[in-house]
Amino acid sequence: MAVSVTVNDRDVWGSHQVRWATVTFDASYPTGGEAVTAADFNLSEIKNMIVGMPDVGDTMAGMYWVGSTSKIIAVEQDGAQVANTHDIDGRTVEVLVIGK
């Protein structure tokens, strides 16, 4: 399965489209992160994504976006990536997406 994205609000900053959204994770986190696409946010291109603090539980400490792969990575408190197939079902994170 994949993440689900809910766009909560949209705006325009100069020549860029901006989306505030909630990303909800599923029951099997994949090594290397969860892929998100510009289409998930009703955009044609993602320029940058700012990831807020996740709805934290057990040992998960944070998340960040990798632009080169367009994936959101979840990390443990020790800084290691969350284990492959780890169940983070229903966990959410707020994101600010800047794109075209």
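Where does Asn42 lie? Asn42 sits in the loop between β3 and β4. To place that loop, we need the strands around it.

This is a predicted model, in which local features need pLDDT of at least 70 and side-chain atom pairs count only at pLDDT 80 or more, while totals for chains, interfaces and linings use all residues. Residues are numbered from 1 along each chain as its sequence is written, and side-chain values use heavy atoms, with hydrogens and water left out.

Start with the whole chain. Its secondary structure comes to 0 helices and 7 strands. Helices (H or I, at least four residues) and strands (E, at least two) are DSSP runs, numbered from the N terminus. From that end, the elements run β-β-β-β-β-β-β. The radius of gyration is 13 Å, close to the 13 Å that the globule rule gives for 100 residues, so the chain is as compact as a globular protein of that length. Here the radius of gyration is taken over C-alpha atoms, and the globule rule is 2.2 Å times the number of residues to the power 0.38. Along its principal axes the C-alpha trace spans about 40 × 25 × 25 Å.

Now the strands come together. Strands of a sheet pair through backbone hydrogen bonds, either parallel or antiparallel. Two strands count as paired if DSSP finds at least two bridges between them. In this chain, 4 strands form an open sheet in the order β1-β2-β7-β4, with antiparallel pairing. β1 (4-13) and β4 (46-51) stand at the edges with a single partner strand each, so one side of each has no neighbour in the sheet. From one strand to the next, the twist averages 20 degrees. For such angles, axes are lines fitted to C-alpha atoms (for helices, over the stretch in contact), and the angles run from 0 to 180 degrees between N-to-C directions.

Walk across this sheet. β1 and β2 run antiparallel and are joined by 9 bridges. They form a hairpin with 2 residues between them. Gly14, in the turn, has a positive phi of about 60 degrees. Trp13 has His16 in β2 as its bridge partner. Next, β2 and β7 pair in the antiparallel sense over 8 bridges. Gln17 stands opposite Gly99 in β7. Last, β4 pairs with β7 (residues 92-99), again antiparallel, over 5 bridges. There, Ile50 has Leu96 in β7 as its bridge partner.

A second open sheet has 3 strands in the order β3-β6-β5, and its pairing is antiparallel. Its edge strands are β3 and β5 (60-66), each pairing on one side only. β3 and β6 (residues 71-76) are joined by 2 bridges and run antiparallel. Glu34 has Ile72 in β6 as its bridge partner.

Which residues form the aromatic pair? The count comes to 1 aromatic pair. Trp13 and Trp20 form it, edge-to-face, at 6.0 Å centre to centre and with 75 degrees between the planes. The rule takes rings of Phe, Tyr and Trp (its six-membered ring) whose centres lie within 6.5 Å; planes under 30 degrees apart count as stacked, over 60 as edge-to-face and the rest as tilted. Trp13 is partly exposed, at 40% relative accessibility. Trp20 is partly exposed too, at 32%. Buried means under 20% relative accessible area, exposed over 50%, and partly exposed in between (1.4 Å probe, protein chains only). Across the chain, buried residues make up 39% of the 100 residues.

Now turn to the loops. Ala27 lies in the loop between β2 (16-24) and β3 (34-35). Ala27 is partly exposed, at 40% relative accessibility. Leaving aside its neighbours within four places in sequence, Ala27 is in contact (heavy atoms within 4.5 Å) with Thr85, His86, Asp87, Ile88 and Asp89.

Asn42 is partly exposed, with a relative accessible area of 48%. Ser70 also has a positive phi, near 55 degrees, and is not a glycine. Ser70 lies in the loop between β5 and β6. Is Ser70 buried or exposed? Ser70 is buried, with a relative accessible area of 16%.
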